[in-house]
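Have the structure open while you read.

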Amino acid sequence: MISNQSISQMSAKTGHLQISHFNELRELLEEDFVDLIHMYMKDSELRVQEMQNALTEQNNRLGYEAAHTLKGASSNLGATHLTELCYQLQEACRDNQIEHQQVLIEAITTENQAVNAEIMTLISQ
């Protein structure tokens, strides 16, 4: 298993996760941690797809729900930038403005991929 110091050094280089949150969750869940992380990654991809569908369909409710769900899960992992981006989309959808959010959804997609890549690096060692 990788040490907390090594994880902190890796996180400093990539910066997509607050390692303290990640480690707290790891300690809390112990042997269930990896399964939960895999569920998060799978679900995050589904939520991003829902956001893209919401944009295509101009469906503010779907966009809000997807952004809200991913925001909460990402916050628990310490993915602060992804959390903030999801919050911005959530609020835009609350204001019925999804039609103007293509760039934001693209940023969420990119950040989600980066978060998931960092997670894979952290759990594969």
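Let's begin in the loop between H3 and H4, where Gln58 is found. Keep in mind that this is a predicted model. Gln58 isn't a glycine, yet its phi is positive, at about 55 degrees. With a relative accessibility of 40%, Gln58 counts as partly exposed. The loop between H5 and H6 holds another such residue, Asn96. Asn96 isn't a glycine either and has a positive phi of about 55 degrees; at 49% relative accessibility, Asn96 counts as partly exposed.

Here are the two side by side:

| Residue | Loop | Phi | Relative accessibility |
|---|---|---|---|
| Gln58 | between H3 and H4 | about 55 degrees | 40% |
| Asn96 | between H5 and H6 | about 55 degrees | 49% |

Now for H4 itself. At the start of H4, Asn59 puts a side-chain oxygen within 3.2 Å of the backbone nitrogen of Arg61.

Which residues of H4 are buried? They are Asn60, Gly63, Ala66, Ala67, Leu70, Lys71, Ser74 and Leu77. Looking down the axis of H4, these buried residues fall within an arc of 135 degrees, so they line one face of the helix. Over on the other side of H4, Arg61 and Asn76 are exposed. As for what covers the buried residues of H4, that includes H2 (19-29), H3 (33-57), H5 (80-94) and H6 (102-123).

Take H2 from that list. The axes of H2 and H4 come within 6 Å of each other and cross at roughly 90 degrees. An angle from 65 to 115 degrees counts as roughly perpendicular, which makes H2 roughly perpendicular to H4. On the H2 side, the contact is made by His21, Phe22 and Leu25, and on the H4 side by Ser75, Asn76 and Leu77.

Gly72 sits in H4 and is partly exposed, with a relative accessible area of 30%. Gly72 and Thr83 are 11 residues apart along the chain, and their C-alpha atoms are separated by 7.3 Å. The other glycine is Gly78, which follows H4 and has a positive phi, near 90 degrees.

Technical notes. Residues are numbered from 1 along each chain as its sequence is written. This is a predicted model: local features need pLDDT of at least 70, side-chain atom pairs count only at pLDDT 80 or more; totals for chains, interfaces and linings use all residues. Side-chain values use heavy atoms; hydrogens and water are left out. Buried means under 20% relative accessible area, exposed over 50%, partly exposed in between (1.4 Å probe, protein chains only). Helices (H or I, at least four residues) and strands (E, at least two) are DSSP runs, numbered from the N terminus. The arc is that of the directions from the helix axis to the C-beta atoms. Contact means heavy atoms within 4.5 Å. A polar contact is a pair of N or O atoms within 3.5 Å; within protein, one must be able to donate a hydrogen and the other to accept it, and residues adjacent in sequence count only if both atoms are side-chain atoms. Axes are lines fitted to C-alpha atoms, for helices over the stretch in contact, and angles run from 0 to 180 degrees between N-to-C directions. Angles under 35 degrees count as roughly parallel, over 145 as roughly antiparallel, 65 to 115 as roughly perpendicular and the rest as oblique.
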